[in-house]
Amino acid sequence: MTIELVLITGMSGSGKSVALRALEDAGYFCVDNLPPELLLSFVDLEQTDTRRRVAIAMDVRSGKSLPQVPTQLRELMQRGVAVRPLFLDATTDTLVRRFSETRRRHPLSKSITENGADLHRVLVEAIELEREMLAELREHAHVIDTSVLRAAQLQEYVKALLSAPHAQLTLVFESFAFKRGIPVDADYIFDVRMLPNPHYEPELRDLTGLDAPVAAYLTGHEEVQDMYADIAAFLDHWLEPLARNHRSYVTVAIGCTGGQHRSVYLVEKLADEFGERWTTLKRHRELGRT
């Protein structure tokens with residue numbers, strides 16, 4: 001039986017410790033901040049043990065050795081290790097706010113001269129430097145945008161991703177509200193704000209796209225069905241090439257104004273359609289908010 005390795009990387013302050021706890025709760029043997037120089041030997045050691053599910057968190061504290069990680073992951077996959085790279089991200093404004101609220105120092109802030117410098121500018125520069133250092137790892141991982149997620153939502157997302165089969169493309173449909181920002185983890189974004197809005201129907205305002213009256217209202221509008229057909233046709237055309245290109249995850253984000261009605265309805269409808277042919281997950285970003 002092959003070992004399954006989940007590698008968690010991402011921006012400082014994006015929630016890596018929360019994701020690692022979710023994996024620990026799911027039965028993974030977890031290691032935080034493992035130096036990249038030890039990755040291959042650590043996996044070799046684990047393969048001699050009875051443990052078959054391992055999660056490792058790495059970040060910029062590993063410094064100059066980070067660039068070797070993509071090569072190491074390719075080597076592990078060639079050995080038959082089921083590698084699942086997961087990258088947690090958030091907007092710069094969100095990360096600045098989190099560091100300011102907790103009064104923590106960014107791990108790269110010491111590398112930026114602070115003699116009389118504005119601390120906010122120093123923090124922003126440290127975050128942007130970190131993005132550059134992690135760019136290649138992000139490119140080869142499934143990205144989760146934690147900007148507006150609660151800890152419980154992030155834990156649910158991580159567990160749902162790992163429940164999907166590893167050897168095939170997983171299609172993630174995500175609804176969101178434009179007023180809360182575009183999700184940075186999306187591969188494709190569709191704007192459906194031009195569609196009829198149930199929010200302006202008093203009897204539908206407090207419902208969501210999960211409720212039958214809202215679904216009936218939207219189903220009855222031709223332009224809504226045209227939008228659904230256009231998105232479905234696009235995905236029908238491109239998912240097979242993406243799968244042949246060895247993509248593990250594709251995230252399709254659908255946004256409306258409040259993320260309650262139109263985007264939720266379309267995510268549900270598309271997930272039902274494509275769930276018959278692909279491993280499919282659903283996320284409703286705004287419905288998970290209190």
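I started with R97 and E101, which both lie in helix α4, 4 residues apart, about one turn of the helix. Helices here are DSSP runs of H or I with at least four residues, strands are E runs of at least two, and both are numbered from the N terminus. An α-helix has 3.6 residues a turn, so residues three or four places apart point the same way. The side chains of R97 and E101 meet in a salt bridge at 3.6 Å, N to O. I count a salt bridge when a side-chain nitrogen of Lys or Arg is within 4 Å of a carboxyl oxygen of Asp or Glu.

A note on the model: it is predicted, local features need pLDDT of at least 70, side-chain atom pairs count only at pLDDT 80 or more, and totals for chains, interfaces and linings use all residues. Residues are numbered from 1 along each chain as its sequence is written, and side-chain values use heavy atoms, with hydrogens and water left out.

**Buried or exposed?**
I call a residue buried under 20% relative accessible area, exposed over 50%, and partly exposed in between (1.4 Å probe, protein chains only). R97 is partly exposed, with a relative accessible area of 41%. E101 comes out at 57%, so E101 counts as exposed.

I searched the whole structure and got 16 salt bridges. One of them joins E4 and R84 at 3.9 Å, N to O. This pair links distant parts of the chain, with E4 in strand β1 and R84 in strand β4, 80 residues apart. I found both E4 and R84 buried.

Next I looked at D89 and R131, whose closest N and O atoms are 2.9 Å apart in a salt bridge. D89 lies in strand β4 and R131 in helix α5, so the pair ties together parts that are 42 residues apart in sequence. D89 is buried at 3%, while R131 is partly exposed at 23%. I also saw that D89, E128, R131 and R138 are linked in a network of salt bridges.

**Cores**
Which residues touch the most other members of the largest nonpolar core? They are L5, L39, I56 and L76, in a core of 33 residues. A nonpolar core is a set of buried Ala, Val, Leu, Ile, Met, Phe, Trp, Tyr and Cys residues joined through side-chain atoms within 4.5 Å. Elements giving two or more residues to this core include β1, β3 and α5. Helix α5 gives the largest share, 5 residues. A second, separate core has 28 residues, among them F173 and V252.

I then checked I56 for contacts (heavy atoms within 4.5 Å). Leaving out residues up to four places away in sequence, I56 touches L5, V6, L7, I8, V31, L34, L39 and F42.

**Helix α9**
I tested the length of α9, residues 262-274. At 1.5 Å a residue its 13 residues should span 18 Å, and the end C-alpha atoms are 18 Å apart, which agrees. The expected span is 1.5 Å times one less than the number of residues. In α9, 10 of the 13 residues are buried, so the helix is largely enclosed by the rest of the structure. Those buried residues pack against β6, α7, α8, β8 and β9.

**A loop and the cysteines**
A186 sits in the loop between β6 and β7. Its C-alpha atom is 5.1 Å from that of T251, 65 residues away along the chain.

C256 counts as buried at 2%, and C30 as partly exposed at 21%.
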